[in-house]
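Colleague: I would like to learn how to read a few features of a fold from a model. Could we go through one together?

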Amino acid sequence: LTATTTLANGVQMPWLGLGVYKMDGDNEVKEAVASALEIGYRSIDTASFYDNEEGVGQAIKQSTIPREQLFVTTKVWNSEQGYNETLAAFERSLTKLGLEYIDLYLIHWPVPGKYKDTWKALEKLYKDGKVRAIGVSNFLEHHLKDLLKDATVKPMVNQVEFHPQLSSRSLRDYCSQHHIQVEAWSPLGRGRYLDDDTLQALATKHGKSPAQIMLRWDYQHGVVTIPKSTKKHRQEENAAIFDFQLSDEDMQQLDGLDIDKRYGRHPDEFDYENS
Ligand code: A2P
């Protein structure tokens, strides 16, 4: 749980964190974050869109864990994009979280015609020392290429939907060439195919659960993962992936599950006008 990857700028980011998408802004998120921190999670991934940054911030404060031991990610929402708008959105997130800086600030989705100005704002926040690292989310290769044309700071992270049915090999290769750390959202494929035969067989082989097999597969692919669970026993289960190893053959079997299947939105088919 304390294992970290080194981002392009030297910042240490935990390999495993807690995602809090769709957790209710009051008690649900507070309890989930509090229990995760108690178990030993040190990375929490929220977003302005989730409308639960206040609850996340309260749980962090109540935990009394020193700030420098935590890694907090939040994201600028689509309707907040643009240079000045993003600078203002960042301040709102900071206030809601009750923090003095953010570890990782991401552009939530590549809103056409806006994300480049938004990136300029992230570069400013980074240069001003208000965020330790900046990155993007849901960027495909063509978005990254476009962004890199004028970026003065390269994104350090790209957070995308990633699980064995969507293993995005070429995007991962592209990111690795540019030292962009890939991070997985919905690493459990929303829990929709935990009963898959290959996952079940590998789970039996290793004495682990299908969820643990999926999360270990992320780690062995060098992908940061942020499974979401509101339940303490599942948070514990999801964190127990550092005590076993998948063989090359196990990894190939899991890679073979790829069918380019998204459970979330496709970045090029998102109705950005109405988000
Ligand atoms: P719950 O909060 O009830 O534990 P994803 O991160 O891929 O979107 O998937 C999250 C979903 O998977 C949540 O609905 C969560 O439900 C469920 N989940 C999280 N961890 C596990 C696990 N270890 N086994 C089964 N389901 C899980």
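This is a predicted model: local features need pLDDT of at least 70, side-chain atom pairs count only at pLDDT 80 or more; totals for chains, interfaces and linings use all residues.

Colleague: What is the strand order of the open sheet, and in which sense do the strands pair?

Modeller: The open sheet has eight strands in the order S3-S4-S5-S6-S7-S8-S9-S10, and the pairing is parallel. Its edges are strand S3 (18–19) and strand S10 (224–225), each of which pairs on one side only.

Colleague: How many bridges join strand S7 and strand S8?

Modeller: Two bridges, in the parallel sense, link S7 (residues 131–137) with S8 (residues 157–161). For Val-136, the bridge partner in S8 is Asn-158. Helix H4 (residues 115–127) packs on this sheet and touches strand S5 (71–76), strand S6 (102–107) and S7. The direction of H4 makes about 170° with that of S6.

Colleague: How should I think about the side chains of a strand, and how many residues of S8 are buried?

Modeller: As a general idea, side chains in a regular strand alternate between the two faces of the sheet. In S8, five of the five residues are buried, so the strand is largely enclosed by the rest of the structure.

Colleague: Now the helices. How does one describe a packed pair?

Modeller: Two packed helices are described by the angle between their axes and the distance between those axes. Here, helix H2 (residues 53–63) and helix H3 (residues 83–97) have axes that come within 7 Å and cross at roughly 45°. The two helices are therefore oblique to each other.

Colleague: Which residues make the contact between H2 and H3?

Modeller: H2 contributes Glu-53, Glu-54, Val-56 and Gly-57, while H3 contributes Ser-93, Lys-96 and Leu-97.

Colleague: Where does UniProt place the feature "active site"?

Modeller: An unreviewed UniProt entry places that feature at Tyr-50. Tyr-50 is found in the loop between strand S4 (43–45) and H2.

Colleague: Is Tyr-50 buried or exposed?

Modeller: A residue is called buried if 20 or more other C-beta atoms lie within 10 Å of its own. Tyr-50 has 22 C-beta neighbours inside 10 Å, so Tyr-50 counts as buried. Leaving aside residues up to four places away in sequence, Tyr-50 touches Val-20 and Tyr-21.

Colleague: Which residues does UniProt give for the domain?

Modeller: The unreviewed entry places "domain: NADP-dependent oxidoreductase" at residues 18–258. That span is 45% helix and 15% strand, and its end C-alpha atoms lie 24 Å apart.

Note on methods. Residues are numbered from 1 along each chain as its sequence is written. Axes are lines fitted to C-alpha atoms, for helices over the stretch in contact, and angles run from 0 to 180 degrees between N-to-C directions. Helices (H or I, at least four residues) and strands (E, at least two) are DSSP runs, numbered from the N terminus. Angles under 35 degrees count as roughly parallel, over 145 as roughly antiparallel, 65 to 115 as roughly perpendicular and the rest as oblique. Two residues are in contact if their C-beta atoms, placed from the backbone, lie within 7 Å. Two strands pair if DSSP finds at least two bridges between them. UniProt positions are given in the numbering used here, feature names are shortened, and annotations may be inferred rather than shown by experiment. A residue is buried if 20 or more other C-beta atoms lie within 10 Å of its own, exposed if 12 or fewer, and partly exposed in between; C-beta atoms are placed from the backbone.
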